[in-house]
Amino acid sequence: MAAASAIAKTFHFGPIIIPLSQTFLVTKLSYALVNLKPIRPGHVLVAPRRKTLRFNDLTQEEVTDLFLQGQRVSKVIEKLFKAEGLTLCIQDGPKAGQTVPHVHLHVIPRHQGDFPNNDDIYSVLEGNVNPAPHIDNDQINPRSNEEMAAEAVLLRSELGHWNQGGD
Ligand code: AMP
């Protein structure tokens with residue numbers, strides 16, 4: 001029998017099974033994963049481990065942990081991708097643009113001029129006609145497992161460095 005403390009090998013992301021290799025932060029209630037189709041380099045996700053559709057379905061403990069981990073992740077993403085700001089958002093429900101039926105916080109590094117208009121990012125996130133001609137969401141090819149795993153290794157090590165008081 002597996003030890004109670006054994007680390008999970010896979011995680012639910014709605015109907016999708018995420019392998020441990022594509023995650024870079026795991027707590028009892030939440031996990032952070034690299035993105036199959038990031039709309040900007042460094043676009044990652046933080047999700048509750050429990051399969052949960054809507055934000056209001058989360059318990060207080062899950063909300064707290066989701067945002068605490070979201071904060072840890074955003075510090076690392078901002079530094080690693082030399083961001084000047086971050087877009088943090090939840091598309092809560094299909095009518096709000098949610099395509100994966102599982103609560104998740106988007107963490108997206110932002111830079112001056114990354115979209116012609118700052119809020120164009122939300123259209124791109126929704127996969128609507130892209131106002132930025134150089135970034136067509138539908139044309140973003142899914143990344144390979146290898147590429148995603150390599151990014152997860154990098155982010156894991158950066159988080160470890162951070163946890164040890166590094167900057
Ligand atoms: P939303 O449209 O807000 O539900 O966001 C869904 C996010 O999940 C998008 O950023 C997708 O690129 C991402 N995504 C979809 N499938 C996967 C997957 N298998 N692994 C990682 N990210 C995924």
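Residues are numbered from 1 along each chain as its sequence is written. In this predicted model, local features need pLDDT of at least 70, side-chain atom pairs count only at pLDDT 80 or more, and totals for chains, interfaces and linings use all residues, while side-chain values use heavy atoms, with hydrogens and water left out.

The chain contains three helices and seven strands, where helices (H or I, at least four residues) and strands (E, at least two) are DSSP runs numbered from the N terminus. Along the sequence these elements follow the pattern β-β-β-β-β-α-β-β-α-α. Of the 167 residues in the chain, 44% are buried; buried denotes under 20% relative accessible area, exposed over 50%, and partly exposed the range in between, with a 1.4 Å probe and protein chains only.

Six salt bridges are present in the structure, each defined as a side-chain nitrogen of Lys or Arg within 4 Å of a carboxyl oxygen of Asp or Glu. One of them joins Asp92 to Arg54, with the closest N and O atoms 2.9 Å apart. This pair links distant parts of the chain, 38 residues apart, as Asp92 lies in the loop between strand 6 (85–89) and strand 7 (105–110), and Arg54 in the loop between strand 5 (44–48) and helix 1 (60–80). Asp92 counts as partly exposed because its relative accessibility is 23%, and Arg54 counts as partly exposed because its relative accessibility is 34%.

Arg143, Glu147 and Glu151 are linked in a network of salt bridges.

The largest pocket has a volume of about 590 Å³. For this analysis, on a 1 Å grid over the protein atoms alone, a pocket is an open set of points where a 1.4 Å probe fits, with protein on both sides within 12 Å along at least five of seven lines, and lining residues have an atom within 4 Å of a point. The lining of the largest pocket comprises 28 residues, of which Asn35, Leu36, Lys37, Thr99 and Val100 lie nearest its centre. At least two lining residues are supplied by each of strand 2 (16–19), strand 4 (30–34), helix 2 (120–126) and helix 3 (145–163), and strand 2 gives the most, with four residues. By class, the lining holds 13 nonpolar, 12 polar and three charged residues.

Ile7 is placed in the segment before strand 1 (10–13), and Ile7 counts as exposed because its relative accessibility is 61%.

A backbone feature occurs at Lys82, whose phi is near 45 degrees, a positive value in a residue other than glycine. Most residues other than glycine have a negative phi. Lys82 is found in the loop between helix 1 and strand 6, and Lys82 counts as exposed because its relative accessibility is 67%.

Note on methods: Points joined across faces, edges and corners; volume = space filled by probe spheres on them. Nonpolar A, V, L, I, M, F, W, Y, C, P; charged D, E, K, R; others polar.
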